Amino acid sequence: MHLNVTYVRSLEDPEGSINISIMKIEEITNVTEYEALAKEKLPKMVYDYYASGAEDQWTLKENRFAFSRILFRPRILVDVSKIDLTTTVLGFKISMPIMIAPTAMQKMAHPEGEYATARAASAAGTIMTLSSWATSSVEEVASTGPGIRFFQLYVYKDRNVVTQLVKRAERAGFKAIALTVDTPILGRREADIKNRFTLPPNLTLKNFEGINLGKLDKTDDSGLASYVAGQIDRSLSWKDVKWLQTITSLPILVKGVLTAEDARIAVEVGAAGIIVSNHGARQLDYVPATIVALEEVVKGAQGRVPVFLDGGIRRGTDVFKALALGASGVFIGRPVVFSLAADGEAGVRKVLEMLRDEFELTMALSGCRSLKEITRDHIVAEWDRPRVAPRL
């Protein structure tokens with residue numbers, strides 16, 4: 001059910017004047033419009049936690065802007081009366097190459113949190129990745145009904161905690177582990193420091209509730225940064241990917257790869273796939289946008305494992321560009337929490353539907369009827385050498 005909610009959206013134009021417009025939730029026509037509504041509805045500490053990046057937030061902006069420097073080379077007069085968006089990820093058939101990235105603490109956005117996201121992903125026929133730091137447990141998310149789900153893992157200093165958690169995810173029917181490898185220490189997120197970020201008192205990190213690791217302490221800076229410093233294993237290395245393979249038979253995706261060198265090592269140690277991610281620009285600032293790093297990582301993987309992109313996707317055109325650069329699929333993060341905050345499960349369903357429709361439209365207007373027909377020749381990127389025009 002869509003609520004008839006009205007909100008005020010402020011957009012600054014290049015001249016600096018403010019354009020105020022009133023919009024009803026049913027009038028939302030694209031994914032980015034949910035953020036303004038989420039900002040209106042959420043407490044400042046919560047909105048800032050979801051929205052902000054590290055330090056100068058250069059990479060945060062670049063994750064979006066980099067897409068605008070990739071242009072299309074559409075092919076015309078192709079029969080696009082039938083378009084197939086389906087694909088397989090690690091052997092699982094899904095309706096489209098658009099999946100849900102792990103985003104922590106979703107009950108801060110909406111009382112139903114990860115339950116709503118899981119149901120929306122299942123309804124869309126796609127994959128949801130549950131965060132280690134979810135406010136709903138693996139068992140609770142599994143109880144929402146059928147669906148293909150991956151589990152995102154942080155490695156704690158206490159390896160027994162990790163082993164138990166992975167085994168619980170396995171028992172709950174999760175199909176893969178997405179190992180986050182870019183967070184030996186939390187990035188400097190200045191909004192969280194200013195807000196003294198902590199979990200609202202009614203919420204816990206549900207997967208750790210029974211072992212006294214479910215709460216963030218209130219501190220003079222970011223409660224999450226203090227939690228990570230106290231609990232997450234800074235010594236995590238490639239040998240731990242091998243160790244994980246000894247405690248689970250689930251395929252392991254390495255999430256947080258930005259270079260060809262690391263892509264090659266990930267393949268060598270037996271990763272089932274790679275997720276190109278800069279953690280939503282929340283870790284090291286001034287790393288490239290994920291769409292810029294993608295092609296290098298794809299080349300490093302040499303076709304031996306699938307490579308996915310996580311970061312900055314807001315349009316169906318972005319999805320097409322990622323696939324043209326070699327991605328096997330994309331994961332979306334902030335659009336999920338913003339739409340969840342704005343309109344619960346219906347919001348997340350709408351975001352998935354809008355991205356799917358835009359992606360299908362982009363395929364049709366580019367002359368592509370299936371994902372395998374999307375090629376590097378369908379785009380030209382800013383970093384390409386000047387093209388020599390074909391001899392006619």
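In helix 6, the residues Arg-159, Val-162, Thr-163, Val-166, Lys-167 and Glu-170 meet Asp-240, Trp-243, Leu-244 and Ile-247 of helix 9, where contact means heavy atoms within 4.5 Å. By class, this contact of helix 6 with helix 9 comprises five nonpolar, one polar and four charged residues; Ala, Val, Leu, Ile, Met, Phe, Trp, Tyr, Cys and Pro count as nonpolar, Asp, Glu, Lys and Arg as charged, and the others, Gly among them, as polar. The model is predicted, with local features needing pLDDT of at least 70 and side-chain atom pairs counted only at pLDDT 80 or more, whereas totals for chains, interfaces and linings use all residues. Residues are numbered from 1 along each chain as its sequence is written, and side-chain values use heavy atoms, with hydrogens and water left out.

Helix 6 (residues 159–171) and helix 9 (residues 238–247) pack at an angle of about 50°, and their axes are 10 Å apart. Helices (H or I, at least four residues) and strands (E, at least two) are DSSP runs numbered from the N terminus; axes are lines fitted to C-alpha atoms, for helices over the stretch in contact, and angles run from 0 to 180 degrees between N-to-C directions. Helix 6 and helix 9 are therefore oblique to each other (angles under 35 degrees count as roughly parallel, over 145 as roughly antiparallel, 65 to 115 as roughly perpendicular and the rest as oblique). The crossing of helix 6 with helix 9 is right-handed, that is, the near helix is turned clockwise from the far one by less than a right angle, anticlockwise being left-handed.

For helix 12 (residues 316–324) and helix 13, the axes come within 7 Å and cross at roughly 60°. Helix 12 and helix 13 are therefore also oblique to each other, and their crossing is right-handed. Helix 12 contributes Gly-316, Thr-317, Val-319, Phe-320 and Leu-323 to the contact, and helix 13 contributes Leu-355, Glu-358, Phe-359, Thr-362, Met-363 and Ser-366. Six nonpolar, four polar and one charged residues make up this contact.

Helix 13 (334–366) also takes part in the lining of the largest pocket, where helix 1 (33–41), helix 2 (44–51), helix 3 (58–65), helix 7 (190–195), strand 13 (329–332) and helix 13 each supply at least two residues. On a 1 Å grid over the protein atoms alone, a pocket is an open set of points with protein on both sides within 12 Å along at least five of seven lines, a cavity is a set where a 1.4 Å probe fits but cannot get out, and lining residues have an atom within 4 Å of a point. The largest pocket holds about 1100 Å³ of space; grid points are joined across faces, edges and corners, and a volume is the space filled by probe spheres set on the points. Of its 50 lining residues, Ala-51, Leu-60, Gly-280, Arg-314 and Arg-334 lie nearest the centre. The pocket lining divides into 22 nonpolar, 15 polar and 13 charged residues.

One cavity of 30 Å³ or more is found in the whole structure. The largest cavity has a volume of about 60 Å³ and is lined by Tyr-154, Val-155, Thr-180, Thr-183, Pro-184, Ile-232, Asp-233 and Leu-236.
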